[in-house]
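This briefing is meant for someone meeting the structure for the first time.

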Amino acid sequence: MTGKRFHHIGFGQEDLGSSPPSIALLSGDPERSHLIAQTYLQDIRLLSENRGLNSYVGYLPNGRPILSATSGMGAPSLSIVVNELVQVGIRQIIRIGTCGSIQPDIPVGSVVISSAALCRQGAANDIAPVEYPAAADPFLTVALVKAARELKIEHYIGITASVDTFYEGQERTNSANPYLMRSLHGITEEYRRLNILNYEMECGTLFKMSGVYNFAAAAICGVVAGRTFGENIILEQRDIAVKNAIATAVNAAATLE
């Protein structure tokens, strides 16, 4: 793919320089991608702001090149970005996101590290059958756990419910559509009894793509809502949760081979 600049991410292999990164920190929010680059990386360079999919290349303090990229919201957008990132040479991806906990003992402000996902996502069905496992890379996952322990960040490891919609699919009724389909009534309690830890909207598709495309993927999400007591994001704790997730991911990336 030398010389090719990709339509969506807005850059190609040649734009990555003489020491191209093989690992990417992937955020849904372009402001989070910018925050990571500005706060944690050295010698950063903007690659593209195409379509709001901001991407930066820089170096970790240990000298390792790394990409801070934006996936956009939801699995369809992520599937496009990840496909193109793999084509420019990325082989390890850590998703840094936000989530709502559905277990009463997982507080807002902590982080959830996903070992696997219950994948209820249409984009993933175009990549692999419904039965295809959505599992995180074990080595990346262990690196995240070790980093959280070293940083003394409260963290939980387990299965994530990865769904396509923020409101209906996560059984929210405090929205423009208070009338959920019958199949969604009680789904949060059902997932809770299956020992699923949290809701988010991307990692199931990411994990399936990693298996099919043969790259390593992991996910860490800051907990910004406690779904056992309400539907709303807790703004007072949101920044803490995001900061904890970013710090854990950056520290984990620095330890990878």
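The largest pocket of this predicted model has a volume of about 790 Å³. It is lined by 32 residues, of which D29, R32, G97, T98 and R238 are the closest to its centre.

**The largest pocket**

- Several elements contribute to the lining, with at least two residues each coming from α1 (30–40), β5 (92–101), β8 (196–200), β9 (216–226) and α7 (235–253).
- Rolling a probe the size of a water molecule over the atoms is a way to show where empty space is left.

**The chain as a whole**

- The secondary structure of the chain consists of 7 helices and 9 strands.
- The chain is as compact as a globular protein of its length, because its radius of gyration is 17 Å, which is close to the 18 Å that the globule rule gives for 257 residues.
- Along its principal axes, the C-alpha trace spans about 55 × 40 × 30 Å.
- Of the 257 residues in the chain, 55% are buried.
- When contacts between residues at least 6 apart in sequence are considered, 77% of them join residues that are at least 24 apart.

- β3 and β4 form a hairpin that has 5 residues between the two strands, and G63 in the turn has a positive phi of about 95 degrees.

**Strand β8 and its partners**

- Strand β8, which also supplies at least two residues to the lining of the largest pocket, is mostly covered, with 5 of its 5 residues buried.
- β5 and β8 run antiparallel and are joined by 2 bridges, and in this pairing S101 stands opposite N198 of β8.
- β7 and β8 run parallel and are joined by 4 bridges, and here the bridge partner of T160 in β8 is N198.

- Most residues other than glycine have a negative phi.
- R51 is not a glycine and yet has a positive phi of about 60 degrees; R51 is found in the loop between β2 (42–48) and β3.
- R51 counts as exposed because its relative accessible area is 57%, which is over the 50% that the term requires.
- K152 is another residue other than glycine with a positive phi, in this case near 60 degrees, and K152 lies in the loop between α4 (138–151) and β7 (155–163).
- With a relative accessibility of 75%, K152 also counts as exposed.

- V88 has its place in the loop between α2 (75–87) and β5, and V88 counts as buried because its relative accessibility is 3%.
- Leaving aside residues up to four places away in sequence, V88 touches F6, I9, F11, G12, Q13 and L16.
- V88 and A247 are 159 residues apart along the chain, and their C-alpha atoms are separated by 26 Å.
- Y213 lies in helix α6 (residues 203–213), and Y213 counts as partly exposed because its relative accessibility is 27%.
- Y213 touches N83, V86 and I127, again leaving aside residues up to four places away in sequence.
- Y213 and R91 are 122 residues apart in sequence, while their C-alpha atoms are 9.5 Å apart in space.

Key
Residues numbered from 1 in each chain as written. Predicted model: local features only at pLDDT ≥ 70, side-chain atom pairs only at ≥ 80, totals over all residues. Heavy atoms only, no water. Pairing = 2+ DSSP bridges. 1 Å grid on protein atoms, 1.4 Å probe; cavity = no way out; pocket = protein on both sides within 12 Å on 5 of 7 lines; lining within 4 Å. Points joined across faces, edges and corners; volume = space filled by probe spheres on them. Buried < 20%, exposed > 50% of the residue type's maximum accessible area, 1.4 Å probe, protein only. Contact = heavy atoms within 4.5 Å. Rg over C-alpha atoms; globule rule 2.2 N^0.38 Å.
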